Amino acid sequence: MEAEVAAVLGMEMAPFEALVAQLMSPTNDQRGHAEQLFNACKAQHPDTLVLKLVHTLQSGHVETRAMSAILLRKLITKDEVSLWSLLNPNTHATLKTQLLVCVQREETKSTLKKLCDTVAELAASLIEDGSWPELLPFMFQCVSSDVPRLQESALLMFAQLAQYMGPHLRSHLPTLHAVFQQCLSSNTSSDVRIAALRATASFVQTLESVQDRERFQNLLPGMMQTLSLALNNNEEATAQEALEMFIEVAGSEPRFMRRQLVDVVSTMMQIAEAESLEEGTRHLAVEFLITLAEARERAPGMMRKLPQMISRLFATLVKMLLDLEDLPAWHVADTEDEDVGESSNFEVGQECLDRLAISLGGNTILPVASDILPVYISDPDWKKRHAALITLAQIAEGCAKVMIKNLEPVVSMILNSFQDPHPRVRWAAINAIGQLSTDLGPDLQQLYHQRVLPALVGAMDDYQNPRVQAHAAAAILNFSESCTSDILTPYLEGVIGKLLILLQNGKRMVQEGALTALASVADSAQVQFQKYYDAVMPYLKTILINATDKQNRMLRAKSMECISLVGMAVGKDKFRDDAKQVMEVLMSLQGAHLEDDDPTISYMLQAWARLCKCLGQEFLPYMNVVMPPLLRSAQLKPDVTITDADTEDEGNDTDDDSVETITIGDKKIGIRTSVLEEKATACNMLCCYADELKEGFFPWIEQVAPILVPLLKFYFHEEVRKAAVSAMPELLRSGKLAVEKGQAQGRDQTYVKQLTDYIVPPLIEALRKEPETEIISSMLDSLNECIQLVGPMLDQGQIKAIVEEFKQVLTASSTRKRDRAERTKTEDFDAEERELLHEENEQEDEVFDQIGECIGTLIKTFKASFVPFFDELMPFVTPMLSKDRTSEERRIAICIFDDIAEQCGEAAIKYYDTFLPFMLEAANDINCDVRQAAVYGIGVCAEFGGAKFKPVVREALERLNAVVSHPAARQQDNIMATDNAVSALGKICQFQRDSIDATQVVPAWLGCLPLKGDLVEAKIVHEQLCSMVESSDPQLLGPNNQFLPKIVSVFAEVLSSGAELSNEQTAARMVTLLRQMQQRLPPAALASTWSALQPQQQAALQSILSPQTS
């Protein structure tokens, strides 16, 4: 090898050029040997190798020059360890000079482009330290030259370097602007114009200040002209390139278009409508328009200002749905391969209608749809009727809130189409009902069950069209998922009877649909399904046992799903005998060798978990069978391929639906989703087992925890992370219970501490790195459960880490909310945007809520010793009380203080000056939840604040009185706040008696009893009343026992409500007190007390106090 290296790197160029040629060889052996030799040169003589490549760039054949450019680029920029830092300074200088010489001299366009890529990538790493000062003057020299080839090269490099050179080019912006303007003019060549468009688009996306972007705004007409000229010259490939750049700008800097929005959108609309153009060109124009509509964060509401354009775009998308063929294959298909005969136009139209409705909302889209769809639905052409129904299904999600307000015409349009003469239209009508059941549930189910369910049952009779039958069964699934048992029960007989007929007589796809529908109906009906169990289960078992050949794999898999869901619905007593037989079949299947793509695997994992949920601890003997394959699936590695984003697709995975591709920076990452879905299912099932079996899961913790804990940071798939997050408290609970119940093979609390240390710190760390707000909420929820389970075992360092994380999460959440508030200041912000913004902020409130819950749990666990940590959180919690925060944030902040005041006693007094003024003001807040938290806190402060509370007693009474005496105090929304205010009054009576006029306040408090809204507070307050009567509280009884009738009537109401308003001990004490009154009160006083009661109260008391017959 050394001799070969020496020969290749020697004075002669021929051996080296031969090596470069062999690296392109189609034969593996020759190419493999060349790669070995090349790598040896790289390792032993990097400087010589690089200089040889530069030399080849100037003298070799076209192919050799192109390959040398690629190799050089990989060596100095792309390799995991770039050679650049290993080269000596002379090589650096030669390389930089010669690369620019090559750019000037190279005539072949494709090689020149590769050279420009190499220069740009090298420059990107050298710009920061200014170690290539010659580059910028060279680029300006080229772009200002009269040679189109050099102009284009410089523009390509400017485009690539825009993101790196932004700050360095600040002083050159006027020159760049002039250069770009000149190069975009119609006098230049097509290649120069498109390169100028690329450079301009790149710079627009990197300009930081509004002023700089404004300066570039007048380049937009030139950019648009580049697109128009390409189309006029029939250069559609160039036009498509231009459109892709416009899409980039629309996504990142949509407001750049704002001044000329009408012209830009109008041109794009014309392209989208032009049927003479290639589909790819039209689709890119549509993509631009949709991207602009979706750019809510940067240009909220902008597209809604062009209602005529939205109407045209909507009409164009609906028209695309007409590009559909009624192929025989659709009618005779064995599987629900829904897209038979559907074109790429159809697919784009379908997807973009969905996106348009979601981005612009129902107030904008529904009026447009109302103009177009009635015309289409009544057209003689079946394709138009089909398009109207597909459109309804696609826009339902985005228009749901508005559509729900006027559902009648929509439902009627769809249900009338159930009778359409064309089966594909009937299919589309069923599809629309299924989609609406999901997007508009449960409203649709509650309002229209009496029309929808019979229509679906009727559609299952369409034996001439199995696709229609199967889809009707699928729609039953959608409908029943958001359907309560009481709505479904009257239809069960008809639905189940029809599904059983399909199971016996239908084609395979119809049988599969029927199984899925049965499973869903059972899941919704629950115990109501019991009466049909004996008729259904034999059929399901027959399919499970007999559907063994390859083409019936999905049928068998769905029978597992159906059996397990039916079992869960009817309960283990009804299901037990069949369950054993089913599990025998599953065990034999598990032992069999199944192919990797067999759906049985995933369905079986889920069926086992449902059987466990149904059978509970009786399932334990099967765990040894279930767990090994489950653990294997949970440990599946993601099938990931990483390539350079700019490398041409090899064509192997581009059309593979199971591979999802994302681009991050200059890398393209392909991920096989089927592997991730199986992994997510397995992780969810592990969580299910731990949750269901509790301490019974203990033997598996040591295997499961090391699998799931690292998956808290599994960023390839959200469902995997969610499952891992949910499992953390379940694993802790399982270990803790096993130790407490002596089922942990001699393990003690040390084991629980070790498990805590293994689980909690990674959960905290994952929280720090989690990008999704929804999962942050789940992580906080899990963390809260963990603290509830093992809080006392957390050490100071762990508590500090938790508190630090709370600070980070609160700061990040506040930043996100602040950024959203900035959007409200943009020119086009409107009511629809405000509603969407409110929804996004609600997710943030959920994060705040979970943090409040966690802090509350820490306070309850550590009491006063948590105070030093709370001091650190104060700067984050106090701002949440501000009027400009949401009512939910204010409620959470008040609840946190309620907990501190209640749990930390004396140590919390120092916070009263900060929080009490807010609490008193919030006691009369417009929001009932804020009021409830505030009045509860006032009661807590009255109880634990001692002298610190005295100065505010008077104001507290006034504010509490305003709550309880409000005319609407007893309405459903207000009752919880009212009851808590009454409870707080009681605490002031009990703990601050010397600061009040008890003769006024105590009777007023008594007048508010009994409490019936907040059942927790009711029990506390009624116990307090009992204690005060037992101690013959003079202010409570009043002069001459004048309030005794009221006390007795309260007792009567409480006692007649069963255990709802009092606990057992309080009820017994009340009965004792009443009996004492019977014995001790003079007959006249007793008679007068009794006569003041309502007749039903008298009857209740008589029954309670009558001597018990033995």
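Start with arginine 816, which is partly exposed at a relative accessible area of 24%. The scale is this: buried is under 20% relative accessible area, exposed is over 50%, and partly exposed is in between, with a 1.4 Å probe and protein chains only. A word on the basis: this is a predicted model, where local features need pLDDT of at least 70 and side-chain atom pairs count only at pLDDT 80 or more, while totals for chains, interfaces and linings use all residues. Residues are numbered from 1 along each chain as its sequence is written, and side-chain values use heavy atoms, with hydrogens and water left out.

Which residue does arginine 816 pair with in a salt bridge? Glutamate 844, at 2.7 Å from N to O. By salt bridge I mean a side-chain nitrogen of Lys or Arg within 4 Å of a carboxyl oxygen of Asp or Glu. Glutamate 844 sits in helix 40 (831-862) and arginine 816 in helix 39 (796-823), so the pair ties together parts 28 residues apart in sequence. Helices here are DSSP runs of H or I, at least four residues, numbered from the N terminus. Glutamate 844 counts as buried, at 0% relative accessibility.

Helix 40 also holds lysine 860. Its side chain bridges to aspartate 899 at 3.9 Å, N to O. Aspartate 899 lies in helix 42 (887-904), 39 residues away from lysine 860. Aspartate 899 is buried at 13%; lysine 860 is partly exposed at 44%.

Next pair: arginine 576 and glutamate 618, 2.9 Å from N to O. Arginine 576 is in helix 31 (572-591) and glutamate 618 in the loop between helix 32 (600-615) and helix 33 (623-634), so this bridge ties together parts 42 residues apart in sequence. Arginine 576 is partly exposed at 25%, and glutamate 618 is partly exposed at 34%.

There is also a network: salt bridges link Glu287, Glu294, Glu351 and Arg355.

Now the core. A nonpolar core is a set of buried Ala, Val, Leu, Ile, Met, Phe, Trp, Tyr and Cys residues joined through side-chain atoms within 4.5 Å. The largest has 403 residues, and Phe619, Tyr689, Phe697 and Phe866 have the most contacts inside it. Helix 21 (382-403) gives the largest share of this core, 12 residues.

On to spaces. On a 1 Å grid over the protein atoms alone, a cavity is a set of points where a 1.4 Å probe fits but cannot get out; a pocket is an open set with protein on both sides within 12 Å along at least five of seven lines; lining residues have an atom within 4 Å of a point.

The second largest pocket has a volume of about 840 Å³. It has 26 lining residues, with Asp596, Asp598, Ile601, Ser602 and Glu678 the closest to its centre. Helix 30 (553-570), helix 31, helix 32, helix 33 and helix 34 (673-693) each supply at least two lining residues.

How many cavities of 30 Å³ or more does the structure hold? One. The largest cavity holds about 50 Å³ of space. Its lining has 13 residues, and Ala293, Ala299, Gly301, Met302 and Leu360 lie nearest the centre. Helix 16 (279-294) and helix 19 (344-360) are the elements that give two or more residues to that lining.

Terms used. Points joined across faces, edges and corners; volume = space filled by probe spheres on them.
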